[in-house]
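Thanks, everyone, for making the time this morning.

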Amino acid sequence: MDAFSRDFVRRKFSEFYSDPTHAIHPPEAINEREFAFFLFKERIMVRHKSVANFNGLKRLIQELEPSDIYYSCAYYENPEADMHKKGWLGADLVFDIDADHIPTSCDKIHDEWTCGHCRFNGKGPTPEKCPACGGQKFETKSWPCECCINSAREETVKLIDLLDKDFGFLENEIHVFFSGHRGYHVHVETEAIRLLDSIARKEIVDYVTGSGLNLSKKDRQSSGVESSSIFNLHEFGRYRRLKLDMRKFIETATRNNLADAGIKGRSSAAILEYKQQVLERCIEKGMWDSVRDIKNETWFKIAAYLTNLRIAVIDTVVTTDIHRLIRMNDTLHGKSGLLKVEFPLNHLVQFDPFREAVAFKEGTAKVIVSSAPQFRLGESTFGPYTKQEVELPTAAAILLICKGRAEVVKS
Amino acid sequence: MSINAVDIAKYPFLPQARQLISGLGFDFETIVDIPRVRERALQRILSSFEFKAHFSKPLTYDPQTEVLSYALALAYASGIKDPKMIERFALYEADQINEYLKTETREDAILEIARAFNWAIRAEKDRGQNTISVHFTKFIENTSRGRLVHESKWRLVNRVLLGGWVRVNPYEVSRLLQEEVRIRIEESAKLELKNIPEKMQSDIDELRTEFLKRKPTLEEFDNIVRAQESEYPPCITGFLKRAATGQHMSHVERFTLVTYLLRQGVSVDSVVNLFSGMSDFNAEKTRYQVENLAGKRYGDDKPYMTYNCASLQTHGVCSGPVDQVCRTIRNPLTYHLRKQSTQRTY
C-alpha cells in the first residue's frame, strides 16, 4: 500500500467512526479492559490504554485514527499498568477459527506468494521451499474467498455444537462473530469460566481438537501386559465426535486425501474399493480390523490427521492466552475494510459476511488493480482484474487496497 | 447428612471447623499455650519433612486438638515462608485427608466436603444407578496441575462430558478433593501472617532451621543439572536446526526454544545470535524479546518457564513421543535428567 492509498483508507476509516449512525457495541465491563490500536501511519501498536466509559473510547478512536481496534479478553484492576502489574481479574474464553489452514475445494488458488530471496512467485498455498532458489521466506497475499470462509463457518458450527451440548454453555453466553477477514470468532462470556487459568483452558482446547484422546486399548489395561496397540473408539464424549469426523472423511475421501493423511498403497486402495464395508463394519460397528489391508496403524493415522487439522483450524494459542487482545466488535479490519460483526447463533448458516460485514456503502473510487480474483460484495460481482484501472464502489476499492492488490489513482 | 465432631477432626478445613474455633473464641496466643495442640501442630509440620510421611490413621487426638492444631500448623507453615516447605506441608495434609477419604463409606459425606469447597457437584439416579457428576470447570481446575496431569484418564478429552458435567465415581471425587485441599492449603499458607505471638515465632524459627537442614536432601531431585547440547530433547533439537537454517518458526516454537535455552543457562547474546540467520532478523527487536523472556526487564532475572510437553502437543509443535524418554517427562527441561538416569540404570 503506498502512502497515498494508505491516507485514503485512513480517512475513510476515520469518517466511518465519526458517523453517528454506525453503532458500536462495546465489550462488557469496558473500564476493566485493556485497549490497543494499530496505527495507519506509524504501523505500530499502541497498547495498555484504558477508558472509563464508551465516550472515552470514542474519543481515543477519533484521536488515533487506527486501522484496527483491539480489547483484552481479560478483565484487569488496572488495565493501563505494565503487564505484571495489571491485576488480572479473569478473562472471557475466546476461539479464533481461521480459514487459512483448512483444506478447501478452492485450493487457495487466490493466494499469492513471492520468494523473499529470488522474487520467484506463484499462486496457491505457500510452498515450504522456493522451487527456484530453495529460500524459505515468502511474502504472501491471501484472499478472503467465499469458499474458504464457508469452510471456516462449518468448523464454527461444529465448535458451537460442542460448546452447547458438551460444555453446556447457554445460548446467551456464546457470542459468534465474523472476524472481518477470513474466519469467525467465538466468545464465551460467563462467570463459570472467567477465572480458569491458561493450563485449565488448555484442557478445553484439547477437548475441542481431540488432542490427547486415548485411542488404544493398550493404555487402558491395568495389567501392563505387552500387547500391540489396538485402535479403539468409545461411543461417548469426544470419541463420538471423532467417529463422526472419521465417517465424513472416509465418505468423501479421494486417493489424494488419504495420501495427505499418510495412507498409501494397499490400505488406501482398500479404503477406496470397500468404502461401504469400511463405513458399516469398521466405523459403525467398531470392528476396526474387519477389512483386509486396513490395519490398526491406518486408523491411528486417520485419527491423528483429523486431530491435527482441528489443531490448525482453531488457533490454540488464542484460546489458552488469558491476556489476549482481540478485535473489537463493530470495528473495521485493516486487512479488508470489512467489519467484525456479531450475529445470532441461529443465523450462522444464513449469515452472509460479504453483505452483512460491508461497512462502506456509498461512493466510488478509482484504483489500479495489480491482480484480483473474481469476488462479490453485496449483490455485485467484481473482477477478475489484472493490471487495470477501474472505478469501484468504495467497499470494493478498500478491500483491494487493504489486500495489497490495488492502489488509489492519484488525481 | 450431618457433619459430626469426628468429621471435623478429619477434615479441619470444613467451615464447621472454623465455626468451632471461632465459637471457642481462642486466638493464636491461647492456642499455642495448649501443650497437646502445640505438640500436634509441631508434629504435623515435622512429619511433612519426612520423605515417606507417616499418617495418623485412627485419630489419635481429640477433635478439638485436631482442629486447633491444624490451624496452628497452617500458621507455622505460613510463618516459615519457604515455598518448598509450604508445598511439602500441603502435600502431607492432602495425603492425610485422602487416607480418611479412602475409607469413607458414606457417599454423602464426600459430597458434603465437596460442597464445603463450593463445588458444583450432583448425585443422581440414572437407570437405577447412583451417578456423580462434577462441573467441568472444577474438574479441570484440579486435574490440570499437580499430580494428575500425567494420567490420560484425568484428561477432559477422555471423559464423558455432557451439558458441562463430567461423570466421576466416588473414588475419583476423593482424588479430586485431595488436589483441591492441597491447592487450598498452599494458597492459605502463602498469606502473610500478622502479629505473631512470641512463643509462636520461636517455634517458627526452630522449624525453619530444622527444615533448612533437611532441604538439600529434599531438593536432591530438583538439583539444577544443565544439559549438554547433545542431550537436548528432540523438539528443541528440531527447533535449533530450523533456527540455524533460517526457517520460519511460529511464536510457540520460538518461545519454547528461547526459554529452554535460557533455562539451560545459555546467554542472552548467544540466543540472540541464533536467530541471526532468519530473513526477518532484527537484532534490536530480538534482543528486547529475549531479554524480556529472560526476566531481565522486570529485574527478577528468572527466565519464563518453558511450555510443558502437554502444551506443545496442544499447539501441535511436539515432535511426537519419538523416544522413550519423551513419554516419561512433563517438560522438555527435564529430558536430559531423565535420559542420564536411564543411562545410568542400564
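Let me begin with a definition: two strands are said to pair if DSSP finds at least two bridges between them, and the helices (H or I, at least four residues) and strands (E, at least two) that I name are DSSP runs, numbered from the N terminus. What we are looking at is a predicted model, in which local features need pLDDT of at least 70 and side-chain atom pairs count only at pLDDT 80 or more, while totals for chains, interfaces and linings use all residues. Residues are numbered from 1 along each chain as its sequence is written, chains are lettered from A and ligands numbered from 1 in the order in which they are written, and side-chain values use heavy atoms, with hydrogens and water left out.

In chain A, three strands make an open antiparallel sheet in the order β17-β14-β18. Its edges are β17 (385–393) and β18 (406–408) of chain A, each of which pairs on one side only, and from one strand to the next the twist averages 25°. Between β14 (residues 364–372) and β18 of chain A the antiparallel pairing runs over three bridges, and A:V369 has A:A406 of β18(A) as its bridge partner. Packed on this sheet is helix α13 (residues 394–402) of chain A, which touches β14, β17 and β18 of chain A (contact being heavy atoms within 4.5 Å) and whose direction makes about 140° with that of β17(A); here axes are lines fitted to C-alpha atoms, for helices over the stretch in contact, and angles run from 0 to 180 degrees between N-to-C directions.

Now to the interface, where 35 residues of chain A are in contact with 32 residues of chain B. Which salt bridge can I show you between B:R155 and A:D206? Their side chains meet at 2.4 Å, N to O, and the count between chain A and chain B is two such bridges, each defined as a side-chain nitrogen of Lys or Arg within 4 Å of a carboxyl oxygen of Asp or Glu. On the side of chain A that touches chain B, the elements giving two or more residues are α4 (191–194), α5 (198–209), α6 (237–252) and α11 (316–320) of chain A, and the largest share, eight residues, comes from α5(A).

Finally, over all chains the count comes to 57 salt bridges. One of them joins B:D33 to B:K199, with the closest N and O atoms 2.8 Å apart, and this pair links distant parts of the chain, 166 residues apart.
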